[in-house]
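This report covers a predicted model.

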Amino acid sequence: MSFHPIDQATARLNRSELAVPGSQPEMFEKAAKSDADVIFLDLEDAVAPDEKEQARKNIIKGLNEIDWGTKSMSIRINGLDTHYMYRDVVDVVEQAGERLDLIMIPKVGTAADVYAIDMMVTQIEDAKGFKKRIGFEHIIETALGMQNVNEIAAASKRNESLHFGVADYAASMRARTTVIGGVNEHYSVLTDPAEDGSREVHWGDMWHSAIANMVVAARANGLRPIDGPFGDFSDPAGYKAAAFRAAVLGCEGKWAIHPSQLALANEVMSPSDAEVTKANRIIEAMAAAEAAGKGAVSLDGRLIDYASIRQAENLVEKAKQIAAG
Ligand code: GLV
Ligand code: MG
């Protein structure tokens, strides 16, 4: 390991993160009873400009009056380039800050954006005498945000997670697509013709490098990397495939823009019984190897060594975190 220790952010189950528009308070009760690990009440892109003020009031009322149980509660504020943002922070934190665990900052572009919100939240918490510190979730969804992702990830002790906002990221990159998440038939490889002249098209994942980049910045700073939205809520198989790709790259959660996606996210982002059993076998085999004075052994015909223990321990730890709720 490097001599540079990495402090881990506040531990929090974040397999699923449900987006709920602040302008639709009739959805709040149902969300509170759902299986979401984290809920963000939205003031940004799911809310029309004329509804921003009322959405803020709905959120303050909802946070104070609804029993959200043990769920982690977040609000997505408006961007720092809008005049809505300061009231989102001031009104909601002042009036409902004690039930707020997180603030989600959209389209974050630089470390100075994080500093600005940190300064505001710190003043409000101090003035109100709140004991709990509100954490930050950052949506990496612009070219600028991705360019500065490492500085953003390190910009505040409040930072807890980085989220890949695929829709705005596509817009910012002027990517030729209009879907939210998922794949694109034009991002593909055409194989050379086989003997019979046939060719195969292999679709690729055009968001691979962006998500992988964000995961590096998150993990190097002890934060949770979370995959963002998948717009086609009538395609559970497509959602699961996207969630699995993100999980394999290191993401530990995914957004749900529809309640039907919650169970899918929780399932994909929880290690399966088979994975946990295998991880425990690796840990046991390595303990036996160490007792016999060996650093590497074979298990089921494959090499395992001390790195395998670290991989296995991550899985077992995650399973314990989920079991503890
Ligand atoms: C989320 O905010 C996105 O733009 O995908
Ligand atoms: Mg967005």
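## Strand S1 and its neighbours

Within strand S2, Ile-39 is the bridge partner of Leu-18. The two strands concerned, S1 and S2 (residues 38-42), run in the parallel sense and are paired over five bridges. S1 is also joined to strand S10 (residues 253-256), again in parallel, by three bridges. Leu-18 takes part here as well, standing opposite Ala-256 of S10. Leu-18 therefore has a partner in S2, Ile-39, and one in S10, Ala-256, with a pair of strands counted when at least two bridges are found between them.

S1 spans residues 16-21 and is mostly covered, with six of its six residues buried. Ser-16, Leu-18 and Val-20 point one way from the strand, while Glu-17, Ala-19 and Pro-21 point the other way. Residues on both sides are buried, Glu-17 being one of them.

## Domain layout

The domain assignment divides the chain into domain 1, residues 16-270, and domain 2, residues 274-324. Taken over C-alpha atoms, the centres of the two domains are separated by 32 Å.

## Aromatic pairs

Six aromatic pairs are counted in the model. One of them is formed by Tyr-169 and Trp-207: the ring centres are 6.1 Å apart and the planes stand at 75 degrees, so the pair is edge-to-face. The cut-off for that class is an angle over 60 degrees. This pair links distant parts of the chain, 38 residues apart. Tyr-169 belongs to helix H7 (residues 166-172), and Trp-207 is in the loop between strand S8 (201-203) and helix H8 (208-220).

Are these two residues buried or exposed? Tyr-169 has 8% relative accessibility and counts as buried. Trp-207 is also at 8% and counts as buried. The limit for that label is under 20%. Together with Phe-164, Tyr-169 and Trp-207 make up one aromatic cluster.

## Lysines over tyrosine rings

Two lysines are placed over tyrosine rings. The charged end of Lys-52 sits over the ring of Tyr-84, at 5.4 Å from its centre. Lys-254 lies over the face of Tyr-239, 5.3 Å from the ring centre. Residues 253-256 make up S10, the strand in which Ala-256 stands opposite Leu-18.

Definitions and conventions. Residues numbered from 1 in each chain as written. Chains lettered and ligands numbered in written order. Predicted model: local features only at pLDDT ≥ 70, side-chain atom pairs only at ≥ 80, totals over all residues. Heavy atoms only, no water. Domains from an automatic or database assignment. Buried < 20%, exposed > 50% of the residue type's maximum accessible area, 1.4 Å probe, protein only. Helix = DSSP H or I, 4+ residues; strand = E, 2+ residues; numbered from the N terminus. Phe/Tyr/Trp six-rings, centres within 6.5 Å; stacked < 30°, edge-to-face > 60°. Lys NZ or Arg CZ within 6 Å of the ring centre and 35° of its normal.
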